[in-house]
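Look at the chain below from one end to the other.

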Amino acid sequence: MLKFFESRALLQNLASWADTTDVKLRGWWHKQSEDLLASFMPSPSQWGTAALEQARALDIDWPRLSQLKTNIHKSTFDAKVKAGESLYSTYTKAARKWLGAELREVELTAGRIHYWTTSSNHPETILFIHGFGDSKDGAYSLAFHLAKQFNVIALDLPGFGQSFRDPELCYDTHSYGRWLDEFMTKARIGPVHVVGNSLGGAMALKLALVRPDVIKSLCLLNTAAIIDFKHHSIYDDILRGEILFQVQTFEQFEKFWSTVFHRRPFLPPFVKEYFFHTFRENHDWYGQLVRQNFGGYASKKDPRYKKLFMNEHLRKIEAPTLIIWGDRDQLFPVAYGEKGHKLLKDARFLVLSDVGHAPQVEVPEEVARHLKQFIAGLSASQDQSSVQ
């Protein structure tokens, strides 16, 4: 899939139409993008070859590639956002089609949860929970490397993506615990292997505490909710009133992007503008969510502050856990992962070199390989125990 985004053919196509009127710009993409994207995806092993063949078939005027930047600047910002939204929508639709996933929703007491699920009847299922500011669509890169062996489910956490958003509700850890409990029951999901990144890791831990019966194992990717007070993290920034997720300018978004990712994923023109627009639209909402959990604390020395984290609850978790941490994480240092490893009863700890806060995006194949080995090891241990 990434080969599609990295294709020079796509960039040249963008250059050829970016200098047209806004109406023609959007119209061309809506008409052509889905067929073009589908042609890049015959099978995972052929993405690179397919991209090259498609580039040759387009009979591209390669010298015009140098005009890309100039042509893009001729389009208005709104047109870029619309084009980026269309491109990203096409990508997610094609990703679900390749995975054989379908969109579903379930009504909770507080509102509606949206999720997607594959249904290949594999014996094991993986539930992915995204991080702050992300959505169920953030799971595709990892799912591409898991879907042949596992059923995969990804949801929009309440407050994100298409799931319910109510300013009158409190979106704290306890609320998420109730909502996830209800979601697992009403969607009839479990037992499953739960994978969570950042906020999603915190939610995976909470789910393991409130519903241990639906958890086979945990995989925590640079998880939130664990703290080592000796080391600086994004929590210190929040105490100073600095909320990384609140962006109003493109420069602030670029800072956010480079802070979250060490190996920044390539995005074609317009998609980053669309992401920036989405974050800017959510500026106040993201601030409200952070302040609901961390507002009212002036210092880490406040005796109430440590209760915001799950350190003291980790020893209650029985589920075998794989902790994976990118060593270049600028939000949570590796020491936080080491702390979790010490506090959890049955945990393994892996540090990935030159990887930032979102390993499932930066090195999805490597994460999938470790996860497969971990789950295979659990199955082997269970088989051996049953024989004895």
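pLDDT is the predictor's confidence in each residue, on a scale from 0 to 100. The model shown here is predicted. Its chain has a mean pLDDT of 83, with 78% of the residues at 70 or more. Over residues 1–48 pLDDT stays under 50, and the model has 97 contacts beyond four places in sequence for them. Over residues 54–69 pLDDT also stays under 50, with 26 contacts beyond four places in sequence. Where pLDDT is low, the predicted coordinates should not be read in detail.

**Strand β4**

Is strand β4 enclosed or open? Five of its five residues are buried, so β4 is largely enclosed by the rest of the structure. In a regular strand the side chains alternate between the two faces of the sheet. In β4, N151, I153 and L155 point one way, while V152 and A154 point the other way. β4 pairs with β2 (residues 112–118) in the antiparallel sense over three bridges. With β3 (residues 125–129) the pairing is parallel, over five bridges. A154 takes part in both pairings: A154 is the bridge partner of W116 and also of F128.

**Helix α6**

Helix α6 covers residues 77–99, which is 23 residues. At 1.5 Å a residue the helix should span 33 Å, and its end C-alpha atoms are 33 Å apart, so the two values agree. After α6 comes G100, with a positive phi near 70 degrees.

**Aromatic pairs**

Rings of Phe, Tyr and Trp count as a pair if their centres lie within 6.5 Å. By this rule there are 39 aromatic pairs.

| Pair | Centre to centre | Angle between planes | Type |
|---|---|---|---|
| F164 and Y171 | 6.3 Å | 40 degrees | tilted |
| Y171 and W285 | 5.3 Å | 85 degrees | edge-to-face |

Where in the chain do Y171 and W285 lie? Y171 is in the loop between β4 (151–155) and α8 (173–186), and W285 is in helix α13 (residues 283–294). The two residues are 114 residues apart, and their pair links distant parts of the chain.

Are the residues of these pairs buried or exposed? Buried means under 20% relative accessible area. F164, at 9%, is therefore buried. Y171 has a relative accessibility of 1% and so counts as buried. W285 has 8% and so counts as buried too.

Notes
Residues are numbered from 1 along each chain as its sequence is written. This is a predicted model: local features need pLDDT of at least 70, side-chain atom pairs count only at pLDDT 80 or more; totals for chains, interfaces and linings use all residues. Side-chain values use heavy atoms; hydrogens and water are left out. Helices (H or I, at least four residues) and strands (E, at least two) are DSSP runs, numbered from the N terminus. The expected span of a helix is 1.5 Å times one less than its number of residues. Rings of Phe, Tyr and Trp (its six-membered ring) pair if their centres lie within 6.5 Å; planes under 30 degrees apart count as stacked, over 60 as edge-to-face and the rest as tilted. Buried means under 20% relative accessible area, exposed over 50%, partly exposed in between (1.4 Å probe, protein chains only). Contact means heavy atoms within 4.5 Å. Two strands pair if DSSP finds at least two bridges between them.
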